[in-house]
Amino acid sequence: MSDGRWRRAGGALLRVVSVWAVSTLTMLVLAGILPDFRLQADDGDTITRTAFTAAWGAGAFGLLSALVWPVLVRALLIVPALVLGALVFFLNGSLLLIALRLIPDGRGDANPETAVVVAAVMSAVASATSTALAVRDDDAYRRRLSRLADRRRRRSGTPPHADGRRGGPPGIVFVQLDGVGHGVLEQAAADGVMPTVAGLLADEAGHRLTPWTTDWSSQTGASQLGILHGSNFDVPAFRWFEKETGTVMVSSRPASALELQRRAIARTHDGGLLTVDGASRGNLFSGGADQLALVLSMAARLGKGRRSRAGYFAYFSDPANAVRTALSFVAEVGREICQSVRARLRKESPRVKRGGLYPFIRAFATVVERDVVVAAVIGDMFAGRTAVYADLVAYDEVAHHSGPHSRDAEKVLARLDRSLGLILKIADHTPRDYRIVLLSDHGQSPGETFAGRYGLTLKDLVRAGCGLPVPRRAQGTRSASEARDAVRIALHRPVVGEQDAPHPAKPSDPVVLASGNLGLLSFPDIEGRASREQLDRRYPALLGTLASHPGIGFLLVRSQKHGSVVLGRGGVEVPVADLADGEGPIAAFGAGAADAVRRTDGFPHVADVMVNSMYDPESGRVHAFEEQIGSHGGLGGEQARPFLLWPRTLTDPLDAVAADGPREASPDGPAAGPATGPVGAEAVHRVLARWLRELSGPQVPLRQEGFAGAARADTPDREDTPDRGGRPGPGDGPVPAVRILPSVPVPDPDDALPGPRG
């Protein structure tokens, strides 16, 4: 035992000396190359003296980076992530200037601009050297990351996990590849784009791949809420208008995300999938986890804004990580600009604008968010946490603007595959076994935008159908002209101009919102859900204009006479109660479309008119009502067909769904279809919860007083108050407080890592 400790100590000392020596050589080389970087006295020095000066400077810089840098980053948690990334170079350069000032006799000097360059190069070289040395020794690499995790756990006061020994109950890591459809993953694995995924599928004892079917609202807000919290009831789209408060709910806004999470907890009386020793990384919702990093819903909580960025500290506390990510960020911005210019020069079609802030948004999603989330996940694994759920959004962001099958998106998939490979390799070194589950929340369907194809937006078409003014750019389009003709015919009078179109009254303008290829129309001055009859009296041409448009597949609207109905081209009208897959206006949208429409029709906040774009089954195209050539949010094509990639040792998802019964709040919707996997995000939640129980035993539910929406004797039953949409009332309790702990920094996914020994 004593000899082993001495060998480990000697090995650690050797690595420190090696990194120091390489850093010294790097500083000497830079001093010879850069004119404004000096390591000698004005009258010159001997080679030995210059080498000593470089060694002193490199050692001082290394110590400052190890001791001062983490303090600086923690103090800057109040700074937004993008600003923190920009400050990385300045801070690192400042530390180098301080290190040079510490060299005896003032022999080290550099101007500020040169110091930034020297510090960046030295940090990158030191990181690469340290990683390369660790690669040669699997045990050393494991000990390094495990030691960092233990240090942070002791600092936070968190006791070691009771089952922290390898061989105890396994933990489980859920990695969500945002927006990656089942077909896209299959093709990427078959083509060698994602060799890690291909390896999992090729191993007969490894993983199995199955699709699942989203709800009508095929987007992260609805899917992830259902997966993490067990209910996405009353989430009709990514964004929607709530008449009783006059607010637009947007899933990507912190306040809206927190409210949606509170409603789900109130409805299910359960804190979420991750309530027991869980961690939530890069998600919209917490899932009830205590350990959080980059969780949107928590950013809206008073006093949590600074602590919700603890994941940034965990990663950027290592200056080498910070420099590498910052350099990768700049490279990604340049890559996006080059790809955008190339697409314009080649006149690729379809194409959307990719200027403005988009290159920086893309770089954040594909570099910063990826690095921070992967680091947090690996820290969780070394901490021995029971359940981890992480979302990697890189593919989804790029596919929106480049297309889901584009070369740009393919390259992002390759980089995500390397991140998955890193997580799988780390699992061989963690204190407990882990089962790795990959999944997605939705896919993406390709197609030209509605505006690009027809020359006007959905809002323009709605306003034209209402006889309201439309922008000049849309006035001359065929769609607007047909809408004006329909208004004239419906009103039995000529229309001189949009301003002259008469109205029975002067209502407020309709609110038109888009969620991918799903549009929502709300009329704020009509109390409750507007009926078809009310709309026909006020805007006689509106519904006919929309239903007959070639870019629109079908409408959902409530009728006072027939209940809710679906409208299609040629005057087709089918009551929702009689909807059947493969028939009527939804014939092209495939299995499960009828149940999806019926379920959404029962939501308290369903829009007055729900508009789904056309869908071409042969090409898989839809028309997004947003500026996206890869879209999701409605029905039609790959967007509604995400995937589950799960270890064969776990229960088959179809068996897990069948064992748990029909999904909540949808008695007329099946939880699974024949050979198609689970149907609906709530069914996926039950599958994941079943797997957690199989690995770790029953999960301890939240106490009655601990979650939002706990029923009280003086609170009306929620079934009797559907207009509240599941929101907590005056008698409901608060959402439980969440404690946030940082994770350990880890090497970049693109770096070499120790593999299995031959």
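Is Y389 buried or exposed in this predicted model? Y389 is buried, with a relative accessible area of 0%. Here, buried means under 20% relative accessible area, exposed over 50%, and partly exposed in between, for a 1.4 Å probe and protein chains only. The model is predicted, so local features need pLDDT of at least 70 and side-chain atom pairs count only at pLDDT 80 or more, whereas totals for chains, interfaces and linings use all residues. Residues are numbered from 1 along each chain as its sequence is written, and side-chain values use heavy atoms, with hydrogens and water left out.

The chain has 758 residues, of which 56% count as buried. Its secondary structure comes to 24 helices and 23 strands. Both are DSSP runs numbered from the N terminus: helices are H or I with at least four residues, strands are E with at least two.

Y389 has an aromatic partner. The model holds 11 aromatic pairs. Rings of Phe, Tyr and Trp (its six-membered ring) pair if their centres lie within 6.5 Å; planes under 30 degrees apart count as stacked, over 60 as edge-to-face and the rest as tilted. F174 and Y389 form a tilted pair, at 6.0 Å centre to centre and 40° between the planes. This pair links distant parts of the chain: F174 sits in strand β3 (residues 171-177) and Y389 in strand β9, 215 residues apart. F174 counts as buried because its relative accessibility is 0%.

A second pair is formed by F589 and Y615. The ring centres lie 5.9 Å apart and the planes meet at 35°, so this pair is tilted. F589 lies in the loop between β16 (573-575) and α22 (593-601), and Y615 in strand β18 (residues 615-616), so the pair ties together parts 26 residues apart in sequence. Both F589 and Y615 are buried. Together with W216 and F554, F589 and Y615 form one aromatic cluster. Elsewhere, R267 lies over the face of F233, at 3.7 Å from the ring centre. The rule requires NZ of Lys or CZ of Arg within 6 Å of the ring centre and within 35 degrees of the ring normal.

Helix α14 (residues 394-402) is mostly covered, with nine of its nine residues buried. Among them are Y395, D396, E397, H400 and H401. The cover includes α7 (182-190), α13 (358-383), β9 (387-392), α15 (407-426) and β20 (630-631). Just after α14, G403 takes a positive phi of about 105°.

Helices α9 (residues 220-229) and α24 (residues 681-696) also meet. Their axes come within 7 Å and cross at roughly 30°. Axes are lines fitted to C-alpha atoms, for helices over the stretch in contact, and angles run from 0 to 180 degrees between N-to-C directions. The crossing of α9 and α24 is right-handed. A222, S223, G226, I227, L228 and H229 in α9 meet A681, E682, V684, H685 and L688 in α24. By class, this contact has six nonpolar, four polar and one charged residues.

Helix α12 (residues 319-345) contains N321. N321 counts as buried because its relative accessibility is 2%.

Notes: Contact means heavy atoms within 4.5 Å. A crossing is left-handed if the near helix is turned anticlockwise from the far one by less than a right angle, and right-handed if clockwise. Ala, Val, Leu, Ile, Met, Phe, Trp, Tyr, Cys and Pro count as nonpolar, Asp, Glu, Lys and Arg as charged, and the others, Gly among them, as polar.
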